Amino acid sequence: VKDGYETFMDKEIHEQPKAVAETLRGRTSLDGRLHLDELRIDESVLRSVDKIIVVACGTAAYAGHVAKYAIEHWCRVPVEVELAHEFRYRDPVVNEKTLVVAISQSGETMDTLMAIRHAREQGSKVLAIVNTHGSTIARESDAVLYTHAGPEVAVASTKAFIAQITACYLLGLYLSELRGNKYVDEVATYLDELGKMPSRIEEVLAEEEQVRTLARSMADVTSVLFLGRHVGFPVALEGALKLKELAYIHAEGFAAGELKHGPIALIEEGLPVFVIVPTPRRPLLHSKVISNLQEVKARGARVIVIAEEGDEEAASYATRVFWVPRSTPTLMMPLVTVVPLQIFACELASVKGYDVDKPRNLAKSVTVE
Ligand code: F6R
């Protein structure tokens, strides 16, 4: 069942290129057109939507954060991302012009289910991005865009996360095409780039031994920080969550720009800080994160950088660097930058002797509120 891997999590991390490829399969064609026939929400409704709210929990909510950057950029429609349990018990402004997108691997998360029930009562259409066929969230939504990641057995989500992000890109590009937005001419280019992501993830996986070596040298750490900006921010949050869940280490993810507004006080000699660096092809974003690197380095942190191959400037501040392939579009970088963080958490947990597939206190699907 584990295909020669020691744990399901290991196996599922390695299935990520396939999870992306399968999620794209049949939905993109060589002519650069998108086929999302399964979106059985009237096109006129999708055209008139004036707000999108993504509801989800945990890792799925971080996929939603990535979706916000992509969908707002491509579609020029406001996107909010909200934890499903917070959405449900305040008084959210939703109506027939709101599209609620629920993201869930299991399709059984009670918090998310209650949020979509509430949204539908207010007249919103609900589109579910779900991995499990026939699950409750799939059945109770107006339309379903399935992630074809295959069954995820390890409690901590990896390949489902990657597939959720992929599905969100498809949704964003589809809406952009449908609504005739200014990026519509670029849809084919983005689809082409998406098609290259499985091999880019393979490239990152090929370097896994270096990440594992680092993890093995860090079995004694008690706290780890993760910093990212733009789409690197949700990746930082996910890196921290994986480490908490699997290795039971205190970890926090921050928006890099927030550092000087407080968290920088935490930086001390030897503290491991992961920094997800945007591509130098986006100089404005890049230079900001370089400044953050300088700030943490100057205070003696052990800086671990995830950067685009050849980014020597970022590397010059790093104790360790892990490269991701060059020329990945910025919006798609989470699909590659998250991979070293997953491997790091998985290896560190194994080194500490913990059950990577079944972390303490957690369940694969959370069917209570
Ligand atoms: C983290 C993790 C959880 C889930 C969350 C939502 O590794 O697995 O944070 O992402 O409980 O679960 P689903 O996606 O099944 O709704």
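The model being a prediction, local features need pLDDT of at least 70 and side-chain atom pairs count only at pLDDT 80 or more, while totals for chains, interfaces and linings use all residues. Residues are numbered from 1 along each chain as its sequence is written, and side-chain values use heavy atoms, with hydrogens and water left out.

Looking at individual pairings, β1 (residues 51-56) is joined to β2 by 5 bridges, and the two run parallel. In β2, Glu82 is the residue that stands opposite Val55. Strands β3 and β4 also run parallel, with 6 bridges between them, and Val101 stands opposite Leu127 in β4. Strand β4 (residues 125-130) is mostly covered, as 5 of its 6 residues are buried. Buried means under 20% relative accessible area, exposed over 50%, and partly exposed in between (1.4 Å probe, protein chains only). Ala102 belongs to strand β3 and, with a relative accessible area of 0%, is buried. Its C-alpha atom is separated by 9.0 Å from that of Ala60, 42 residues apart along the chain.

Next come the charged pairs. Side chains of opposite charge can pair when their charged atoms come close. The whole structure holds 22 salt bridges, each being a side-chain nitrogen of Lys or Arg within 4 Å of a carboxyl oxygen of Asp or Glu. One of them pairs Asp10 with Arg212, with 2.6 Å between the closest N and O atoms. Asp10 lies in helix α1 (residues 8-14) and Arg212 in helix α10 (residues 208-216), so this pair ties together parts that are 202 residues apart in sequence. Both Asp10 and Arg212 are buried.

Another salt bridge links Lys159 and Glu15, whose closest N and O atoms are 2.7 Å apart. Since Lys159 lies in helix α8 (residues 159-178) and Glu15 in the loop between α1 and α2 (16-24), the pair ties together parts that are 144 residues apart in sequence. Lys159 and Glu15 are both buried.

Then there is Lys364, which forms a salt bridge with Glu152, the closest N and O atoms lying 2.7 Å apart. Distant parts of the chain are linked here: Lys364 is in the segment after α14 (334-351) and Glu152 in the loop between β5 (143-146) and α8, 212 residues apart. Lys364 counts as partly exposed because its relative accessibility is 27%, whereas Glu152, at 7% relative accessible area, is buried. Elsewhere, salt bridges with shared partners join Asp10, Glu208, Glu209, Arg212, Arg216 and Glu347 into one network.

On a 1 Å grid over the protein atoms alone, a cavity is a set of points where a 1.4 Å probe fits but cannot get out, and a pocket is an open set with protein on both sides within 12 Å along at least five of seven lines; lining residues have an atom within 4 Å of a point. Grid points are joined across faces, edges and corners, and a volume is the space filled by probe spheres set on the points.

The largest pocket holds about 580 Å³ of space. Its lining has 27 residues, and Cys57, Gly58, Thr59, Lys364 and Val366 are the closest to its centre. Two or more lining residues come from each of α4 (58-75), β3 (98-104), α6 (110-121) and α11 (232-247). The lining divides into 10 nonpolar, 11 polar and 6 charged residues (Ala, Val, Leu, Ile, Met, Phe, Trp, Tyr, Cys and Pro count as nonpolar, Asp, Glu, Lys and Arg as charged, and the others, Gly among them, as polar).

As for cavities, the count comes to 1 of 30 Å³ or more. The largest cavity has a volume of about 80 Å³, and its lining includes Arg229, Val231, Ile276 and Met333. Helices α11 and α14 each give two or more residues to this lining, which divides into 7 nonpolar, 3 polar and 1 charged.

Conventions. Helices (H or I, at least four residues) and strands (E, at least two) are DSSP runs, numbered from the N terminus. Two strands pair if DSSP finds at least two bridges between them.
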